[in-house]
Amino acid sequence: MEKQKLLVAKIGGKIIEDEVALQSFLENFSKIKEPKILIHGGGKSATQLAAKLGVKTEMIDGRRITSAENLDIVVMTYAGLLNKRIVSGLQKNNCNAMGLTGADANVIRAEKRPVQFIDYGYVGDVVEVNDTIIKGFLNQKITPVFCAVTHDSNGQLFNTNADTIASEIASAMSPHYEVSLFYCFELKGVLENIKDKDSVIEHINLEKYNELRDAQVIADGMLPKLQNCFEALQKKVSKVHIANADFIKDNTTKHTTLSL
């Protein structure tokens, strides 16, 4: 029996910061008839709020060090302001959405990242995704909208990379659906030359990824993003794309497709 299609989309970067770009994306996302899930980041907004509050933000290899103070800011920004702004934007476009953290309905359980060379603070690594709960929302024609906050079932919230959450959710749903995972940000895809916005690398497999990483063509925040892409493919997610917002309405636009 052929599986139903499911789109798992993650938005971040300037798509979230630019109100016009965000509303345009949400309008196009709402028009997709198949079941869909949206995951969002919001690191820039959290950094801006931290600066206003006089709280230092520290990043290492594209990942945020989350102190107790920074965790409060992350939860306020991701689970509050940004999540509800996105949910209300979807409702405006007749897409019945529900905003969620990992703690809601115990849908994403995580554990604190162990300290090895770096102490990331209150950062959680995903342990389990409750696919049954998510499938229940989708069956009710509700579009789940996840922010980058998880929990450990013992009352502790964690900041968790939104790209990782998208990969983990896509992977968890792959036994039930034919899943396409789409990472949406302001660029057209992975660039050969960061100064040339049209230098999109249209296909990247594991071998090519290792070459680009060793040559430092891929660095900083793009490294964990691509790691998540390949982990999803290894867990039977059907398709993984990195593109800008135009891809949501026209998947023939130039973009990066990942394969093993």
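Predicted model: local features only at pLDDT ≥ 70, side-chain atom pairs only at ≥ 80, totals over all residues.
**View 1. Helix H5 packs against helix H6.** On the H5 side, the contact is made by Asp131, Ile134, Lys135 and Leu138, and they meet Ile169, Ala172 and Met173 of H6. Sort these contact residues by type and you get 5 nonpolar and 2 charged, with no polar ones.

**View 2. H5 has a buried face.** Tucked away in this helix are Ile134, Phe137 and Leu138, which are buried. Looking down the H5 axis, the buried residues fall within an arc of 100°, so they line one face of the helix. Turn to the other side of H5 and you find Thr132 and Asn139, both exposed.

**View 3. Phe25 in the largest nonpolar core.** This core has 78 residues, and Phe25, Ile37, Leu38 and Ile169 are those with the most contacts inside it. What does Phe25 touch, leaving aside its neighbours within four places in sequence? Its contacts are Ile11, Ile15, Leu38, Phe182, Cys184, Ala245 and Ile248.

**View 4. Ala103 in a loop.** Ala103 belongs to the loop between strand E5 (97-100) and strand E6 (108-112). With 30% relative accessibility, Ala103 counts as partly exposed. Not counting residues up to four places away in sequence, Ala103 touches His151 and Leu157. Ala103 and His151 are 48 residues apart in sequence, yet their C-alpha atoms are 5.3 Å apart in space.

Methods: Residues numbered from 1 in each chain as written. Heavy atoms only, no water. Contact = heavy atoms within 4.5 Å. Helix = DSSP H or I, 4+ residues; strand = E, 2+ residues; numbered from the N terminus. Nonpolar A, V, L, I, M, F, W, Y, C, P; charged D, E, K, R; others polar. Core = buried A, V, L, I, M, F, W, Y, C linked by side-chain atoms within 4.5 Å. Buried < 20%, exposed > 50% of the residue type's maximum accessible area, 1.4 Å probe, protein only. Arc of directions from axis to C-beta.
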